[in-house]
Amino acid sequence: MYYPDEVVEEVRMKNDIVDVISGYVKMQRRGSNYFGLCPFHNEKSPSFSVSQIKQMYYCFGCGAGGNVFTFLMEYENYSFEEAIKFLADKAGVSLPETDYSVEARRNENKRAKLLAVNKEAARYFYYQLRSQKGQVGYRYLRERALSDETIKKFGLGFAHVTSDDLTKYLKSKGYEDKLIMEAGLAGFDEKYGVHDKFWNRVMFPIQDGNHRVIGFGGRVMGDGKPKYLNSPETMIFDKSKNLYGLNFARTARAGHIILCEGYMDVIAMHQSGFTQAVASLGTSFTAGQANLLRRYAKEVILAYDSDGAGVNAALRAIGILKEAGLTGKVLNLEPYKDPDEFMKNLGEDVFKERLRQAENSFFFELRMSEKNYNLKDPESKTRFHREIAQKLCGFSEEVERENYI
Ligand SMILES: [Zn+2]
């Protein structure tokens, strides 16, 4: 999409750079410039400066510099088009219409409606959690050691046992049955008519990278089945192209991303300060998700459960990461089952140490396959070595292969 210079200029003028960057970097005024810790390299004393007069930023440490557009492109990994749209929206400038076909415009319209109804549902669940009927959900979350602040940050909510109250509420807000069902918030059957999909569950709103609610995960209270229920895929909810927690993790800048199995793991990690944690959405990790992660880090540390299913899921994920050109490492959570339990028992410092010691994924693969062989038996040992040799052939670069040998 091409935007005329005067439009680009208008958007730039209406978004003061100091204003925009203060949303990301804590800055102090010094003379006519503002200074803060550079978001593009690690530093202890501020060498990142923003000039209000020039409407430019520059870092004396790493040389990063540019205007309000380049800042967002660097920081948020936006394309120019995404950056200008974001800023135009912020300043209330309307961008010239793209020459959308009727079809595309209708889709855009539908998407906006689905986002709106999801947002309203999230709001409803959020208030339910704080109501008398929601206490069972609230207690559950507190028992899982989540703070009020964390519950709020993730917008957690509750769907109580009545099976049509959300639908009624949404209809009272003017949403039609059809849209509510299309959003995956309700279903239909002969006996009950249109009824809520989620009930008696703690609700986890799933947000896209821009903090928009695109779906839900619900954890049942008690022993009902299934334990976790997720929104179906919709026009705005593509499970293979979103990750839980990415809306926060995308700006964590830890140099790596921690990939967990479940929502609770992600939340427990964020609460302990590891805001680089994400999880796939009730499905196994996909190539689409790996490509998404590549925008934010080169290294992904797997924090999967240490049981058999977790190990298998980790082995699958390693292959997908490699395919996407990412370095995978595996976290040792023993003697605990998952990151949530680990954090509760051993705490942040030990966890940090384990992150540093995360195992190279190739060695992890070897260690796991070694268990399938009897190394005391020469024949079995030979088969094991053959398997290693075969794996080594997977490195296309000679230097890399040599190093592993
Ligand atoms: Zn810098």
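In this predicted model, the four donor atoms around the zinc ion subtend angles of 102 to 119°, and the arrangement is therefore tetrahedral, since four donors count as such if all angles lie between 85 and 135 degrees. The donors are Cys38 (SG), His41 (ND1), Cys59 (SG) and Cys62 (SG), which coordinate the zinc ion at 2.1 to 2.3 Å, and along the chain they follow the spacing C-x2-H-x17-C-x2-C. Because cysteine 38 lies in the loop between β2 (33–36) and β3 (48–51), while cysteine 62 lies in the loop between β4 (56–59) and β5 (65–66), the pair ties together parts that are 24 residues apart in sequence. Cysteine 38 is buried, with a relative accessible area of 6%, whereas cysteine 62 is partly exposed at 39% relative accessibility.

| Pair | Centre to centre | Angle between planes |
|---|---|---|
| Tyrosine 126 and tyrosine 127 | 5.7 Å | 90° |
| Tyrosine 336 and phenylalanine 342 | 6.2 Å | 90° |

Of the residues in these pairs, tyrosine 127 is exposed, with a relative accessible area of 54%, whereas phenylalanine 342 is buried at 0% relative accessibility.

Ring pairs also link Tyr24, Phe40, Phe48, Tyr57, Phe71 and Tyr75 into a cluster. One of its members, tyrosine 75, has the charged end of arginine 253 over its ring, 4.3 Å from the centre. A further contact involves lysine 153, which lies over the face of phenylalanine 248 at 4.5 Å from the ring centre.

Terms used. Residues are numbered from 1 along each chain as its sequence is written. This is a predicted model: local features need pLDDT of at least 70, side-chain atom pairs count only at pLDDT 80 or more; totals for chains, interfaces and linings use all residues. Side-chain values use heavy atoms; hydrogens and water are left out. Donors are N, O and S atoms within 2.8 Å of the metal (3.2 Å for Na, K and Ca); water is not among the atoms, so sites may look incomplete. Four donors count as tetrahedral if all angles lie between 85 and 135 degrees; four count as square planar and six as octahedral if opposite donors are over 155 degrees apart and all others between 65 and 115; anything else is irregular. Helices (H or I, at least four residues) and strands (E, at least two) are DSSP runs, numbered from the N terminus. Buried means under 20% relative accessible area, exposed over 50%, partly exposed in between (1.4 Å probe, protein chains only). Rings of Phe, Tyr and Trp (its six-membered ring) pair if their centres lie within 6.5 Å; planes under 30 degrees apart count as stacked, over 60 as edge-to-face and the rest as tilted. A charge sits over a ring if NZ of Lys or CZ of Arg is within 6 Å of the ring centre and within 35 degrees of the ring normal.
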